[in-house]
Amino acid sequence: MVMSGEKAGGEPGSGSGSGSGSGSDVRTPGRAPERPPAPVGLRERKKRLTYQAVSDAAIAMFLERGFDKVSVAEVAAAADISKPTLFRYFPAKEDLVLHRFADHEDESARVVAERLPGEGPLEALRRHFLDGLDRRDPVTGLCDVPEVLEFHRLLYGTPSLVARMYAYQGRAEAALARALGGGLPERLAAGQIIAVLRILALENWRRIDAGESADRVHAPAVRAAEQAFVQLRTGLEPQPRR
């Protein structure tokens, strides 16, 4: 179970993941050592560059005109590829936007697999999320960079993108469940954890979208995260009043 301090069996999937390390052997106190990235062949590098170029072109058009007012054919023309080629890279129009989340699908699973010796999975995930808040990682919702805000407004303001994002979160949940052990209790725990991370990020973004700065929201965001992880540990039983 997630509260155990023992290492869960099995490695998560080999996604590229943001925060996968630069290959340096320098270790930050309190953080698990980072794995050097695996060598990438020329074909894979070209594929990733194409993904990025097509996605960037699509998002620029969506931000300018709106997601529903830009056709896939227009995106393909702007990227100088055919429509069938585009669909080989992105199975659905929504994936042109959500491609940016693909690297984060196995992030929680990697945090669990690479946690410090003697550290429980839940504590590792808590530490990782708080570190993301300190870094103003867009995934935590605590980022007021204008380009990030525009992207989040596009995402949360488009119902089809929100619906499609649940598929990405479902894969993140499955990867985390495998890293925790793969049984029913671990699947239940993974579902709760991914839901908590989503809600925390959404709350942070809503406050920033309403006009607050990331610096102003940081302290309340940390308190909310601490409370959320306490609730994950203790369940839904009422907490004693302080």
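Ground rules. Residues are numbered from 1 along each chain as its sequence is written, and side-chain values use heavy atoms, with hydrogens and water left out. Because the model is predicted, local features need pLDDT of at least 70 and side-chain atom pairs count only at pLDDT 80 or more, while totals for chains, interfaces and linings use all residues.

Start with helix α1. Helices here are DSSP runs of H or I, at least four residues, numbered from the N terminus. Helix α1 covers residues 42–65, which is 24 residues. The expected span of a helix is 1.5 Å times one less than its number of residues. Which residues of α1 are buried? They are Val54, Ser55, Ala58, Ile59, Met61 and Phe62. Buried means under 20% relative accessible area, exposed over 50%, and partly exposed in between, with a 1.4 Å probe and protein chains only. The buried residues of α1 pack against α2 (72–78), α3 (83–89), α4 (95–98) and α7 (146–156). Just after the helix, Gly66 takes a positive phi of about 105°.

Now the cores. A nonpolar core is a set of buried Ala, Val, Leu, Ile, Met, Phe, Trp, Tyr and Cys residues joined through side-chain atoms within 4.5 Å. The largest one has 34 residues. Touching the most other members are Leu125, Phe129, Leu133, Leu176, Ile193 and Phe229. At least two residues come from each of α5 (107–113), α6 (121–135), α8 (159–180), α9 and α10 (214–234). Helix α9 gives the largest share, ten residues. Apart from this core lies another, of 22 residues, among them Phe67, Val70, Leu96 and Leu154. Back to Leu176. Beyond four places in sequence, Leu176 touches Ser108, Ala109, Val112, Leu125, Ala190, Ile193 and Ile194. Contact means heavy atoms within 4.5 Å.

Next, rings. Rings of Phe, Tyr and Trp (its six-membered ring) pair if their centres lie within 6.5 Å; planes under 30 degrees apart are stacked, over 60 edge-to-face, and the rest tilted. There are four aromatic pairs by this rule. In one of them, Tyr156 and Trp205 have ring centres 4.7 Å apart and planes at 40°, so the pair is tilted. Tyr156 is in α7 and Trp205 in α9 (residues 184–209), so the pair ties together parts 49 residues apart in sequence. Trp205 is buried at 8%, whereas Tyr156 is partly exposed at 27%. Elsewhere, ring pairs link Tyr51, Tyr89 and Phe90 into a cluster.

The rule: NZ of Lys or CZ of Arg within 6 Å of the ring centre and within 35 degrees of the ring normal. Lys93 lies over the face of Phe67, 4.4 Å from the ring centre.

Between α6 and α7 sits Asp137, buried at 12%. Arg136 lies in that loop, partly exposed at 23%, with a positive phi near 60°.
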